[in-house]
Amino acid sequence: MPRTADKTDIPRRLCEAGYALFNQLGYNATGIQQITDKAGVPKGSFYNHFESKDAFAAQIIRNYGVWVDKAWDTAMLDAPAEPVGALRHLFASFIQHHENTGLQGCLVGNFAAEVAESSDACRTVMCGVMVSWRERLAQLISQAQTQKQIRSDLDALTLSGFFWDAWEGAVLRMKVEHSTQPLKDVVNLMLDKFYRP
């Protein structure tokens, strides 16, 4: 197999292969040999970069969190100025992503169901990623509360947590029903009914 002078090349290839396989097969059904084969690197090179499969999976989750942050930033570039419109636009972009990628679901949600109890490393990283998402959504909700577009009897972080919990549940339903309608329903119910002032 060809060697490369770029020290980031092999970890990058491993992470890309791991992300694809974890999405397709899940954590437990994916072996290190499969990952290295897909990445086109020797199996021994895996342990030069990652101390264990758990540590590797934790890095994949970190990478996924960064990707979601970038997708969020991109969606917000052409979002409406008013906060509720921005929220609709943001989640419409997430729904479109799920439609474009074959309804694979959310990597963090998939991992939460599969490894949260068995891997402290993954659970800790997932917790950090999910807190970050809730805090970021809470900022938009807070802006909407200031403009009296969203109820203010509950604080923005509480409303954000409830939104994410409903969203992740809808992502699971999306996979079962093979439809993004549950995602659309969550956004509409939250913004048109439950969160109205």
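Me: What should I know about the model before I start?
Reply: It is a predicted model, in which local features need pLDDT of at least 70, side-chain atom pairs count only at pLDDT 80 or more, and totals for chains, interfaces and linings use all residues. Residues are numbered from 1 along each chain as its sequence is written, and side-chain values use heavy atoms, with hydrogens and water left out.

Me: Which residues touch the most other members of the largest nonpolar core?
Reply: A nonpolar core is a set of buried Ala, Val, Leu, Ile, Met, Phe, Trp, Tyr and Cys residues joined through side-chain atoms within 4.5 Å; buried means under 20% relative accessible area, exposed over 50%, and partly exposed in between, with a 1.4 Å probe and protein chains only. Here the largest core has 61 residues, and Phe22, Phe56, Phe91, Phe111, Phe163 and Trp167 touch the most other members. Among the elements that give two or more residues are α1 (9-25), α4 (53-77) and α5 (83-100), while α7 gives the most, 10 residues. Helices are DSSP runs of H or I, at least four residues, numbered from the N terminus.

Me: What does Phe163 touch?
Reply: Contact means heavy atoms within 4.5 Å. Leaving out residues up to four places away in sequence, Phe163 touches Phe91, Leu137, Val186, Val187, Met190, Leu191 and Tyr195.

Me: How many cavities of 30 Å³ or more are there?
Reply: On a 1 Å grid over the protein atoms alone, a cavity is a set of points where a 1.4 Å probe fits but cannot get out, and lining residues have an atom within 4 Å of a point. Grid points are joined across faces, edges and corners, and a volume is the space filled by probe spheres set on the points. The count is 2. The largest holds about 140 Å³, and its lining includes Trp67, His98 and Glu168.

Me: Where is His178?
Reply: His178 lies in the loop between α8 and α9 (181-194). Its phi is positive, about 55 degrees, although His178 is not a glycine. At 57% relative accessibility, His178 counts as exposed.

Key. 1 Å grid on protein atoms, 1.4 Å probe; cavity = no way out; pocket = protein on both sides within 12 Å on 5 of 7 lines; lining within 4 Å.
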